[in-house]
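Look over the structure first, then read on.

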Amino acid sequence: MRPKLRFLTLLCVAVLFIVPVLSSCRGGEEELTVGSISERIRAEISFPKMIELSPEQLSSHFNLSADSFSDFSVYISDEDEKADEYAVFEMKKDTDETEVFNAISIHIADRSSNFRQFPPEYEKFQTNVLRSKDRFLMLVVCGDAERASELLESMGAVPVAATNK
């Protein structure tokens, strides 16, 4: 009877140590959501005071319908004279990615021309960071494009097409 008890004890101890190790072998990659991506951008990149756009405001800012996305998060500077903004979109499976990319490219070109007379703000649009991963599309317009690029790429995002550069 003692050998069985000892075997069961060793088995339980082994399971307690092996299960966490095996579960951590999934690659350690967190599951991305619009909220988690948006939070990391907000936490790791310096922005002026930002406001979040509602679904109703999305179409006037990007000329895109909220119906094209499972979820999205768009923040723009609270100050009209600041170009800073970031957006994270999770596209629905039936959404035409090219149409979304084109709408964002047009948005960048339009906003860029609005800031042409303000060189530091204009430069932010010229160095915009547009990345994608799976069904996610991320745009960051800020004063530290290199940091924004590194952050998005650390999440596995890859460059989309060059936009207005």
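Is Arg 147 buried, partly exposed or exposed? Arg 147 counts as partly exposed, at 26% relative accessibility. Here buried means under 20% relative accessible area, exposed over 50%, and partly exposed in between (1.4 Å probe, protein chains only).

## Basis of the model

This is a predicted model: local features need pLDDT of at least 70, side-chain atom pairs count only at pLDDT 80 or more, and totals for chains, interfaces and linings use all residues. Residues are numbered from 1 along each chain as its sequence is written, and side-chain values use heavy atoms, with hydrogens and water left out.

Arg 147 pairs with Glu 150 in a salt bridge, with the closest N and O atoms 4.0 Å apart. A salt bridge is a side-chain nitrogen of Lys or Arg within 4 Å of a carboxyl oxygen of Asp or Glu. The count by this rule is 11 salt bridges.

Both residues sit in helix H6 (residues 145-154), 3 residues apart, about one turn of the helix. Helices are DSSP runs (H or I, at least four residues), numbered from the N terminus. Glu 150 is partly exposed at 43%. Salt bridges with shared partners join Arg 40, Glu 44, Arg 147 and Glu 150 into one network.

## Helix H2

Arg 40 and Glu 44 form a salt bridge at 3.3 Å, N to O. They lie 4 residues apart in helix H2, about one helical turn. Arg 40 is partly exposed at 24%, and Glu 44 is partly exposed at 32%.

Arg 42 and Glu 39 also form a salt bridge, at 2.9 Å. These two are 3 residues apart in helix H2 (residues 34-44).
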